[in-house]
Each structure stands twice: as C-alpha cells, then as structure tokens.
Amino acid sequence: MQTTFVILKPGTVQRGLIGEVISRFEKKGLQLVGMKMQQLTPEILTEHYSHLRSKPFFQTILSSMMAAPVVLCCWRGMEAVNVVRSMCGATNCREALPGTIRGDFGISIQENVVHTSDSPENAIAEVARFFKPEELFEYSLANQPFLYASDEIN
C-alpha cells in the first residue's frame, strides 16, 4: 500500500468544502491514516514550495496558503499517489474535467482546492515534512475485502 499527502487549501476550508473533499477520497476506498488542521508558516511553505521559489508568483502562493488554516491529510491505498492526482484533476481548475475535485469545486489556477503529492518519492518527503510518525495510524479497514481482490493486496 502507498501513502500520499493532500493539503485542503485555505479556500477549501473557507468555502466549507472539507467534508465534500474528504468524502470523495473515502468513497473511492482510500484509507485516512493522518489528518490535522494547521496554520502554515512562511518557513514551512518556503521549504514545501522550494522548487517554485524563483517564480514571480511565489509570494502569491505564500499569501494564498497562509490566508486561513489548512487541513493536512495522509491517504493510503494501492497506487494512492496516482489515484488521488487523478481524482483531483488538472492543477488549472478551468482545465480540470467535471467529476474531478478541481473540476467540480474550482475555477482558478492558484485557488485550486487541494495540493497533492506528484510522485511516490515526493509523497514520502511531504508526509515527513508535515507529520510526525506518531501522527500516522496503522489500522485495518473492515471493508478492505470489498475494496481489493485478495491477490491485489501485498
């Protein structure tokens, strides 16, 4: 099983979409293994978005991500990184297909509802950046036999 990282952005919190977004991941069959609300700081955001530091829109990202608290989530499932990214849709909400989280709840490039890990390697780094090991939970889902065939589970 793979674990991936999701940030429900300030706009998602402000618009009252937390339950809607979480519900979609749960209905897909992903397992919530960590969740907390946090006010992000310039320090953690500069680390998290270091690959965008030289871009002219970097300050806009920081301001947007600090406008309100966020909800940080870790989701586990088979190929969780790709499943979550597919469910969220294109980063530019205007290009995201209907039925995706961004396609249904967003219209902006910046205010695009969620951040998701873009690779298994980045998911590991992002989970470690935002969660302590004791904040992640190992438990069995009672419905797991109805989510996966027995030969799919490691």
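Reply: Phe 5, Phe 130 and Phe 131 form one aromatic cluster. The model is predicted: local features need pLDDT of at least 70, side-chain atom pairs count only at pLDDT 80 or more, and totals for chains, interfaces and linings use all residues. Residues are numbered from 1 along each chain as its sequence is written, and side-chain values use heavy atoms, with hydrogens and water left out.

Me: Why is the pair Phe 5 and Phe 130 called stacked?

Reply: Rings of Phe, Tyr and Trp (its six-membered ring) pair if their centres lie within 6.5 Å; planes under 30 degrees apart count as stacked, over 60 as edge-to-face and the rest as tilted. Here the centres are 4.9 Å apart and the planes stand at 15°, so the pair is stacked. Phe 5 lies in strand S1 and Phe 130 in helix H7, 125 residues apart. Helices (H or I, at least four residues) and strands (E, at least two) are DSSP runs, numbered from the N terminus.

Me: What makes Phe 5 and Phe 131 edge-to-face?

Reply: Their centres are 6.4 Å apart and their planes at 80°, so the pair is edge-to-face.

Me: Why does Phe 130 count as buried?

Reply: Buried means under 20% relative accessible area, exposed over 50%, partly exposed in between (1.4 Å probe, protein chains only). Phe 130 has 4% relative accessibility, so Phe 130 is buried. Phe 5 is buried at 0%, and Phe 131 is buried at 5%.
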